[in-house]
Amino acid sequence: MYLNFNKNEYQGTVLILASTVVFSLMSALVRYASDIDPYTTTLFRFVVGLGILGTAALLGKIRLKFVNGPLLFFRGLFGGTAILIYFFSIAKLGVGKGTVLIYAFPIFGSIFGSIFLKEKIGLIRLGAILMAFCGIYLLAADNGDGSPSIGVLGKYELLAIFGAMLGGMALVLVKKLHDTDSSYAIYFAQCVIGLWIVVVPANIVPCSIGFYGVLLLLAIGVTATAGQLLSTEAYRYVEIATGSLLGMILPVMNYFIGVTIFGESFSWQSFIGSSTVIGSCVIVLLKNNRKKLNE
């Protein structure tokens with residue numbers, strides 16, 4: 001069987017996979033900096049993003065033009081809040097569990113996309129989405145002692161799921177905004193609104209970061225900006241359901257980073273959950289390829 005992506009689909013797939021790798025690196029850095037207040041970490045992410053885009057615009061490398069102001073505002077509100085919750089989740093739950101919970105957002109994004117953007121999911125892709133959700137749940141419900149568990153979600157788990165819902169809606173807005181605004185404008189809006197969300201609490205909560213802490217936060221901001229721009233541009237070429245499922249490789253990567261680097265727990269549930277998520281991505285890709293071959 002041969003993969004038969006057209007040029008746009010191929011470009012979108014490569015961008016999604018590239019953003020996944022960069023976001024995984026960012027998540028590891030956030031986990032390493034978990035002793036730094038999440039408000040401060042999030043603030044640096046948005047400040048660095050604004051700095052990079054603003055400098056590029058001043059030098060004439062990019063053009064920042066804002067067309068759909070209301071949608072840009074809500075994209076920034078939902079996306080900025082979801083990022084703050086993501087950083088909280090990594091700090092409180094670990095890079096593995098925190099990521100797999102917050103990355104339930106593709107499920108909500110696919111559902112919202114079918115409602116607001118009229119994107120067709122189809123029975124096979126719907127089944128793959130549900131299967132991916134089950135895989136993420138198995139990872140999230142892992143109790144860490146090697147025994148099977150249904151899993152009880154605490155306040156930080158519930159907070160992460162709420163962040164996933166906000167992330168799903170932000171994803172739909174990104175897809176819609178590509179009709180009027182550039183990837184740079186979309187990400188710039190997220191940084192601006194996100195900055196307003198965290199600037200006060202980041203300066204209220206006492207936090208001593210030091211020189212190396214500043215370097216670490218700058219690295220988080222740079223990787224976050226690169227990953228976000230890659231991801232935002234990718235959704236210009238792929239539908240939410242396809243791009244989201246490809247992006248769900250990230251929680252699998254982060255789970256194993258948590259286990260191998262940060263000593264987080266591993267069990268049979270994590271193996272089954274990881275295999276399920278990857279299998280779901282393969283099913284969607286093969287389904288899309290078969291559809292193209294039949295056209």
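**Notebook: salt bridges, rings and a cavity**

I began with charged side chains and found E233 and R236 joined in a salt bridge, with N and O 3.4 Å apart. The model I am reading is predicted. I looked up how open the two residues are. E233 is partly exposed at 22% relative accessibility, and R236 is partly exposed as well, at 34%.

I then asked how many salt bridges the count gives. The count is two salt bridges. R31 and E264 form a salt bridge, their closest N and O atoms lying 3.1 Å apart. I placed both residues: R31 is in helix 1 and E264 is in the loop between helix 11 (249-260) and helix 12 (268-294), so the pair ties together parts 233 residues apart in sequence. Is E264 buried or exposed? I noted a relative accessibility of 17%, and because the cut-off for buried is under 20%, E264 counts as buried.

Next I turned to the aromatic rings. I noted seven aromatic pairs. For Y39 and F88 I read ring centres 5.3 Å apart and planes at 80°, so this pair is edge-to-face. The pair links distant parts of the chain, since Y39 belongs to helix 2 (residues 38-58) and F88 to helix 3, 49 residues apart. Y39 is partly exposed, with a relative accessible area of 22%, whereas F88 is buried at 15%.

I also looked up Y255 and F256. Y255 is buried, at 5% relative accessibility, while F256 is partly exposed at 31%. I recorded one aromatic cluster formed by F73, F74 and F78.

I noted one cavity of 30 Å³ or more. The largest cavity holds about 490 Å³ of space. Which residues lie nearest its centre? I listed F23, Y103, F105, Q228 and S231, out of 31 residues that line the largest cavity.

I sorted the lining by kind and got 17 nonpolar, 12 polar and two charged residues. I then sorted the lining by helix. Helix 1 (7-32), helix 3 (69-93), helix 5 (105-116), helix 7 (155-177), helix 9 (210-234) and helix 10 (240-247) each supply at least two residues. Helix 7 gives the most, with six residues.

Methods. Residues are numbered from 1 along each chain as its sequence is written. This is a predicted model: local features need pLDDT of at least 70, side-chain atom pairs count only at pLDDT 80 or more; totals for chains, interfaces and linings use all residues. Side-chain values use heavy atoms; hydrogens and water are left out. On a 1 Å grid over the protein atoms alone, a cavity is a set of points where a 1.4 Å probe fits but cannot get out, and a pocket is an open set with protein on both sides within 12 Å along at least five of seven lines; lining residues have an atom within 4 Å of a point. Grid points are joined across faces, edges and corners, and a volume is the space filled by probe spheres set on the points. Helices (H or I, at least four residues) and strands (E, at least two) are DSSP runs, numbered from the N terminus. Ala, Val, Leu, Ile, Met, Phe, Trp, Tyr, Cys and Pro count as nonpolar, Asp, Glu, Lys and Arg as charged, and the others, Gly among them, as polar. Rings of Phe, Tyr and Trp (its six-membered ring) pair if their centres lie within 6.5 Å; planes under 30 degrees apart count as stacked, over 60 as edge-to-face and the rest as tilted. Buried means under 20% relative accessible area, exposed over 50%, partly exposed in between (1.4 Å probe, protein chains only). A salt bridge is a side-chain nitrogen of Lys or Arg within 4 Å of a carboxyl oxygen of Asp or Glu.
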